[in-house]
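Dear colleague,

Please find below the structure that I am handing over to you.

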Amino acid sequence: MKTKSGLSRLMGYAGTHKILLYLSWILSAMSALLALVPFWYIWRIIHDILEVSPDFSQAGSITHYGWLAVLFAVLSIVVYIAALMCSHLSAFRVAANIRKKLLSHIAVLPLGVIEKYGSGHLRRIVNTSSSATENYLAHRLPDKAGAIATPIGLLFLLLVFDWRLGILSLVPVVLGFLIMMKMTGAGMEEKMKEYQNALSDMSNEAVEYVRGIPVVKTFGQTIFSFKRFKASIDNYEKWVIAYTKALRLPMMFYTTAVNGVFAFLIAGGIIFTRNDVTSEFLLNLIFYIVITPVIGTTLTKIMFMSEDAMIVNDAMNRIDEVLNEKPLSEGRIHQAFSDNSITLEHVSYSYDGKKNALSDVSLSIKQGETVALVGASGSGKTTLANIITRFFDPQKGRILLGNTDIRDIPKELLMNKVSFVFQNSRLIKTSILENVRMGRPTATREEVVQALKAAQCMDIVEKLPNGIDTVVGVNSVYLSGGEQQRIAIARSILKNAPVLILDEATAFADPDNEVRVQEALSVLSKGKTVIMIAHRLSSITKADCIYVLQDGRIAESGTHRKLIEKGGIFSRMWKSYSEAAEWKITKEARG
């Protein structure tokens, strides 16, 4: 099936405003043709001047022709403004429709898909890609219609007065077109895609870097701690420099060709007037010298339009890529159930279809148990937690909550069953009260206060200017990573879901906050089925079962004591962790 062009896909978003787009093209073409009429009157003025020279007082029609030239110039501008009004009205509607469709679709996508793209990448698609279509429809397409009409009118003007000079004027046009085709061909389209990829990667990594600044400051790291961000900047720099150098020669030849029309005309004038110079030939030569700069301007417009068309095509591909992501299927079971055990049966998942992040994982977590997931970075811990909470569905196997496949549980019911506390919990720019109330929107003010107390947050509330009504993120009111984490725990306490996922919940907390976070987690975890992802092995010694993941598989499982006695992977991890902790204590004691 043939892929639709970027323009045809854009038209699908125009709705009833499509007619305005067509009208803008017609008006722009008319404006371009009207803009050439003043050149005709300029020719008439030069003609009359040469005819009556040196008695210029006899040139009575010059003023008349001059005013007519001004009239058509103004008329051309008015028609062009009307074209832009039509194109802008439709362009704004198209961009708005794209953004609405994107945001509506993103809202129903699983969190795993959002995580795969990254917030910076998605933000760029929603904002920048839709803005590219807006600029293309509002300006470039009307200009393209004008740029197509201009050569048609120019061709008439160039050939009607002196066909020999007209053909000479077209030689640089042909050369310019050949060079332009070389610069804006299929290779350029691929380069444009690489350019947008480099920009998108840099934007995404920049967002993640800015979000991680509190950690950088806390641990005294530099920008080089964020290797991916620096790598994206280096990659963009390398690409832009290489691309600029590759286009250096073609652009130089193109500029020379489109601006070299005077050389062709002067050479032609010398050749054609070897025997005699007539006033008519001189008139035509002067006219061609006056009008030929329009050729270079028109060619340059066409070149940039070709580039914009590639940008829009790439933007539409990125938009369609997001829209082609499938939301998770809706569950069919609506009755409440009390069994909160979790079972994974032969679960496998791959992010790229090549290497499995999880391979044939089976485990069982009884209701009320606390289990821990440990392993090296990239072993599959977070993927396993995400799949249990249905951020995305496994490609093989199934996950049961109680005796029910989670794919059969409606999203709202499943989310009521599960709470999350991530390692980098975020608060939105609203009051502490509303941030906590997100856990249960119907909660009273008193219930929110009780949740804050249980989460050890009252010291935070007491120092804020307006207590729990203080808005986070304005008037210099900001919370540390550990304080944000405690507010997020208060939210989960208020929600009181029977299944709890803790993803490195104390990772960004300072020592004082870590103690308080641990106390809050103890309150939160009571009577719940808890899944902990942990790097600090001291926090999971009392877990009912520890699962050690390696390359997406469960390599070991058991209690802390049994795994130590086994002398396997976990035992070695514990030894390394204990030695590191001992070294740190010894170093602090010496300090």
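I begin with Val70, which lies in helix 3 (residues 62-108). Helices (H or I, at least four residues) and strands (E, at least two) are DSSP runs, numbered from the N terminus. The model is predicted: local features need pLDDT of at least 70 and side-chain atom pairs count only at pLDDT 80 or more, while totals for chains, interfaces and linings use all residues. Residues are numbered from 1 along each chain as its sequence is written, and side-chain values use heavy atoms, with hydrogens and water left out.

Val70 is partly exposed, with a relative accessible area of 40%. Here buried means under 20% relative accessible area, exposed over 50%, and partly exposed in between (1.4 Å probe, protein chains only). Together with Trp67, Val74 and Val78, Val70 forms a nonpolar patch on the surface, with about 400 Å² of accessible area in total. Such a patch is made of residues with over 30% relative accessible area and no salt bridge, nonpolar side chains (Val, Leu, Ile, Met, Phe, Trp, Tyr) being joined within 5 Å and like charges within 9 Å. A salt bridge is a side-chain nitrogen of Lys or Arg within 4 Å of a carboxyl oxygen of Asp or Glu. Areas come from the Shrake-Rupley method with a 1.4 Å probe; for residues, only the protein chains shown count as cover.

An unreviewed UniProt entry places the feature "transmembrane region" at several spans, including residues 20-42 and 62-83. UniProt positions follow the numbering used here, feature names are shortened, and annotations may be inferred rather than shown by experiment. Residues 62-83 are 100% helix, with end C-alpha atoms 31 Å apart. Residues 20-42 are also 100% helix, and their end C-alpha atoms lie 34 Å apart.

Helix 18 is largely enclosed by the rest of the structure, because 13 of its 15 residues are buried.

Most residues other than glycine have a negative phi. Asn496, which follows helix 18, has a positive phi, near 60°. Phi of Arg390 is likewise positive, near 60°, and Arg390 counts as buried at 9% relative accessibility.

Overall, the chain has 21 helices and 10 strands, and 47% of its 591 residues count as buried.

Yours sincerely
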